[in-house]
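Work through the exercises below with the sequence and the coordinates at hand. Each task is followed by a solution in steps.

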Amino acid sequence: MTIAPADLLAYVGGAALERYGRLWRVTRPADRGGEEGAPAFTRATVGVYIDRDGVLRNAASGVPRVTWLDLDGDGVREPYLLSEPTRTQLITSPEDFSAWGVIGTPSRTSGQADPRGGTGAYLLEADAVDEGVIHSADFTGDGEKVVSLRLRAGTAAVSRVQVWDATAGGGTDRHSVSVTWATLAVATIAGTGTNYVLKPLGGGWYRLAFSVAGVVADNDNQLRIFAAGGGATGTVYIYGANAWDASVPSSYQGPSLATRNADLISLPLGVGTRARLSLYWRGAITGSNGTDDRWLVQVGTNSANRLGLRAGGSPQVAGYLQGATSTVTVTGNAQAFAPETVQELILQYDAGVLRLYDRTTLLDTDTCDVLTGGWSEQQLHVGHADGVEHGVAAHHAVMLASGLHDVVAFREWLP
Amino acid sequence: MSGKPLIAVENLFSVTQFPNVVVLANEAASGNEAFRVATGRRSALNFWTSTTTNQPAWVKAAGDQVRAADFLALDRGHNLAGFAIELHVSNDDFTTYETALAVTLPAATAPGAVDDALGVRTEEGAWLKRFALRAGKQWRLYVPAMGTGLKPQVVGLYLGCSLALEYFDRPFQDDQDELVGATVESDAGWLGRSRSIQRRAHELEVKLPSFAAYDQVRYHLQGHFGKGRPMWLLHDLDQADRAVLVVRAPGTLGFGFTPGWGWRRGKLGYVEHEAQAA
């Protein structure tokens, strides 16, 4: 069984860029292959993305971000459409390390090549063990928080970054993380939290990010960077430190304390009631608004008629159809939908039956409402639903109609 | 010979193809405005040039949305052979940008592939280069200072997503032309001719390898080429020096189902666009 071009209702994300030269393609009454209907996209502030060469660059307000990531570890960067929620980062001097406090007497040399292609980085040098820089992070609300930092290897074999609670018990190590430069291994030294993948940038730079469990917001919480770990001395290059009231990191925010507004993407679809619909997703969670369930893609304009995919909470993945009389959720709990790891999911609506696949493995199936005249495919949302945004990086967010009894048919549309 | 063909018809600098694009240059001489880089005209009198010699110059296309490109061509008539150029792409109007391409154009024609590091110069002096896909809202051709008394001159600039086809069905001609000019035969059977040109023309058969392939072919070939827009045709990626700029020939164009092939196929009739006069 195969599918025809007319079955392709929407094709969104980095793969659309590779295939069609633009971030979205929506099939509507034909213009003989000409320009398609424009999506609604808003973001009121500048956003940062990773370019194909690994350099951090800015997208002006109102410009969607294509960020180039190697999430599957094959050494090749792929384009992803980045859609993130509003985030306020909490380090007041994310780039000016001369404004940070010190532990010991480290030297800080400005004017170093940075991951933006400029010279805004610092060389941090420890002549004695445990010398570094510190900056307070003014978190709001207790719980799990996340920090990120850009690092480049200097002479130190191991570098260390820590979130330190200077109040609790006279000083508590909430989470210390080491980076071993020879192997690019990230390891927890003390405390608890999640270590995210050491993400390569251009020019030998890496993004280090980790979450910190059990943060008490009213305490004096400090982000500490040590040039060298393991009781040694040495140097490391540093740039761009961020902290957020969230558990999952976001794209870089700098050069000052700032709020980045949400990316909101909605595509106009044709109206119609179809016997079959399928949503295909390939991408990753890159941030959240703090809730467990993160919507990846959703079709529908109101809560009474919608079809969507969500992931990253409990259950790990879920397909969702809210019809005229009932709501059906098909789930898969065995999937590891960790943030910043690429996943493929397929949700099939087939005339009253809902099926959820992880690639070609059927995870769950259930009967659901038959979509009727009350249903309309008015809007396709990527990374948000119910007015709440979720951080996602979409390589594919594809909606297909009709004839999709065989998920293998999707393969024809994949690069 | 790889045998794989490539077509490139999309042009992000064309306000005909993308009406919301704004084309600007750092400066433009009177009668040589920036928009002339993407009019499709091939006359040596139709070009953009700056006004100040020996200083960097640029021409940019500011789009209405993020678009990707992997193909750049400078049509014959440019004066950049042997000089450096850069292609910049940005999402904040060049406050920050990526240099997608930085090359010194070959000074002479030589056999070559469109993926060669320096691109390839065609037999008539155009320059073509395919590069790794980039995406951005603004694109800019940047020409560093060329030297005393010199400034860039660009007749045609083509930037967009190319489409690599699997193959043209054989047999096909990759170098067939027709003689265009007024011919008179005397009563003795002797031929008299006006000034003539050799114009390349042919009808290629394109077989698609899947149902999905039709979607892109429809966009590039029926959506753009079908409307009469100029298209770079490379019969063979590895012999890109023989590339030709073509437009749709009179007649029908379409991709349908025929006996003997499982997916769509169609005929692609073309004639060379404003062939060079001898």
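Two strands count as paired if DSSP finds at least two bridges between them. The model used here is predicted.

**Exercise 1.** Determine how many residues lie between β15(A) and β16(A), and which turn residue has a positive phi.

Solution. Start with the pairing: β15(A) and strand β16 (residues 185-191) of chain A run antiparallel and are joined by six bridges. One of the pairs to look up is A:His175, whose bridge partner in β16(A) is A:Gly191.

**Exercise 2.** Describe the hairpin of β14(A) and β15(A).

Solution. Strand β14 (residues 158-165) of chain A pairs with strand β15 (residues 172-180) of chain A in the antiparallel sense, over eight bridges. A:Val158 lies opposite A:Thr180 in β15(A). Six residues separate the strands of this hairpin, and A:Gly169 in the turn has a positive phi of about 60 degrees.

**Exercise 3.** Give the strand order of the six-stranded open sheet in chain A, and explain why β10 and β17 each have one side without a neighbour in the sheet.

Solution. The order is β10-β11-β20-β13-β18-β17 (chain A), with antiparallel pairing. β10 (107-112) and β17 (199-200) of chain A are the edge strands; each has a single partner strand, so one side of each is left without a neighbour in the sheet.

β10(A) and β11(A) are linked by four bridges, and A:Ser107 stands opposite A:Glu125 in β11(A). β11(A) also pairs with strand β20 (residues 234-244) of chain A, antiparallel and over five bridges; here A:Tyr122 faces A:Ile238 in β20(A) as its opposite residue. Strand β11 (residues 121-126) of chain A is mostly covered, with five of its six residues buried.

Then take strand β13 (residues 143-153) and strand β18 (residues 205-215) of chain A, an antiparallel pair with nine bridges. A:Ser148 has A:Ala209 in β18(A) as its bridge partner.

**Exercise 4.** Find which residues touch the most other members of the largest nonpolar core.

Solution. This core has 51 residues, and those with the most contacts to other members are A:Leu279, A:Trp281, A:Leu296, A:Leu309, A:Leu354 and A:Leu380. Strand β34 (residues 391-401) of chain A contributes the most, five residues. For A:Leu279, leaving out residues up to four places away in sequence, the residues touched include A:Val297, A:Leu309, A:Leu347, A:Leu380 and A:Met399. A second, separate core has 34 residues, among them B:Ala61, B:Leu72, B:Ile85 and B:Leu101.

Technical notes: Residues numbered from 1 in each chain as written. Chains lettered and ligands numbered in written order. Predicted model: local features only at pLDDT ≥ 70, side-chain atom pairs only at ≥ 80, totals over all residues. Heavy atoms only, no water. Helix = DSSP H or I, 4+ residues; strand = E, 2+ residues; numbered from the N terminus. Buried < 20%, exposed > 50% of the residue type's maximum accessible area, 1.4 Å probe, protein only. Core = buried A, V, L, I, M, F, W, Y, C linked by side-chain atoms within 4.5 Å. Contact = heavy atoms within 4.5 Å.
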